[in-house]
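Let's take a walk through a protein model together. Keep the picture open while you read, and look things up as we go.

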Amino acid sequence: MKTRITDLFDIRYPIIQGGMHYVGYAELASAVSSAGGLGIITGLTQPTPEDLAREIARCREMTDKPFGVNLTFLPAFTAPPYPEYIRAIIEGGVKIVETAGRNPEQYMGQLKAAGIKVIHKCTSVRHALKAEKIGCDAVSVDGFECGGHPGEDDIPNMILLPRAAEELSVPFVASGGMADARSLVAALALGADGMNMGTRFIATKEAPVHENVKKALVEASELETRLIMRPLRNTERVLNNAAVERILEIERQKGGGVGIDDIRPLVAGTQNRKVLQEGEMDAGAWSCGMVAGLIHDIPTVKELIDRIVSEAQAIIRKRLEGMLAA
Ligand SMILES: Cc1cc2nc3c(=O)[nH]c(=O)nc-3n(C[C@H](O)[C@H](O)[C@H](O)COP(=O)(O)O)c2cc1C
């Protein structure tokens, strides 16, 4: 396939695996890149910049194809040492960075001077335009359906993507709710140049997470995600479990007065890790998209990507073309 995204990142298919905390290790990123997509290592899952340097080296041994690193700019009191993480990325020879969270403007100079292409993930047209203005090469437009942080505007991709297409000049990919060939063709039809998937890639053989997590994704329907931290304006879409019900209960009880300290033990990274890595499915909240309802199997990454590409071709050539002929 050929789109502005395959050209920009020198990849075979316009399919990106978004950064995922405690999921985006070298095993998954290299599998996606080797299968023709763009795999992304999650920078901050690595405890230190030195660990990230080792993870990049490990990924390079596992694939000879381009891969990227995600840098999530968090609203934290003590910020991680971002310049040092960026140095690890540059010295590791990585040429693609997915930024997310806060505006990456203050780091753009360092990234661009190293010849790195930046794709910024955001949840609104105004943030996408800002990303374009500060020099991002592409944007990942994350609709309300997405796993993780959908922002506070609640605009689903059926509206958000064509709106982005109306306003943006740089290429963009559709993110949130993308699962299969139908998603890819729809994303292209709505004006995107490809798609970014998070949740779908967790239910693959190579994803280095506990089997219980993959099983939970196959079993979950589209009705089973919940939005937590709305009162904190840090909304996160997660799969429902005992911890999430407790969080929602606390939010209901405390109303507008709820603070992060009230729910911290249930949303902490340690609990997130316990779910994803140790399979303790009620240990804490973990990001998951509505797309869980479209996940019915656990293929290899290559099987998943090959299936998406071949079925997308069939949809375009047979189903859509056929409708024109009729
Ligand atoms: C378990 C999980 C962890 C995630 N962690 C991050 C993260 O650390 N940084 C980030 O930018 N996005 C993160 N995301 C968001 C994904 O990169 C992607 O934008 C999102 O999953 C797309 O929606 P989908 O799940 O419907 O495909 C995470 C998503 C999931 C499901």
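Here is a short tour, from the whole chain to one strand and then to the ligand.

## Before we start

This is a predicted model, so local features are given only where pLDDT is at least 70 and side-chain atom pairs only at pLDDT 80 or more, while totals for chains, interfaces and linings use all residues. Residues are numbered from 1 along each chain, as its sequence is written.

The pLDDT is the predictor's confidence in each residue, from 0 to 100. For this chain the mean is 97, and 99% of the residues reach 70 or more. Confidence is highest in strand E1 (residues 15-17), at 99, and lowest in helix H12 (residues 260-267), at a mean of 95.

## The whole chain

The chain has 14 helices and 10 strands. These are DSSP runs numbered from the N terminus: helices are H or I with at least four residues, strands are E with at least two.

Along the principal axes, the C-alpha atoms fill a box of roughly 60 × 50 × 35 Å. Of the 326 residues, 47% are buried, meaning that 20 or more other C-beta atoms (placed from the backbone) lie within 10 Å of the residue's own.

Now find strand E6, residues 138-142. Five of its five residues are buried, so the strand is largely enclosed by the rest of the structure. In a regular strand, side chains alternate between the two faces of the sheet. Here, Ala 138, Ser 140 and Asp 142 point one way, and Val 139 and Val 141 the other.

Which strands pair with E6 (pairing takes at least two DSSP bridges)? Strand E5 (residues 117-122) does, in the parallel sense over four bridges, with Ile 119 as the bridge partner of Ala 138. Strand E7 (residues 172-175) also runs parallel to E6, joined by four bridges, and there Val 141 stands opposite Ala 174. The chain gets from E6 to E7 through helix H7 (residues 157-167) in a right-handed β-α-β crossover. Right-handed means that, with the strands pointing away from you, the path from the first strand over the helix to the second runs clockwise. E5, helix H6 (residues 125-133) and E6 make a right-handed β-α-β unit too.

## Around the ligand

The ligand is surrounded by 29 residues, and the closest are Gly 18, Ala 100, Gly 147, Gly 198 and Gly 289.

Notes:
A residue is near a molecule or strand if its C-beta atom, placed from the backbone, lies within 6 Å of it. A residue is buried if 20 or more other C-beta atoms lie within 10 Å of its own, exposed if 12 or fewer, and partly exposed in between; C-beta atoms are placed from the backbone. Two strands pair if DSSP finds at least two bridges between them.
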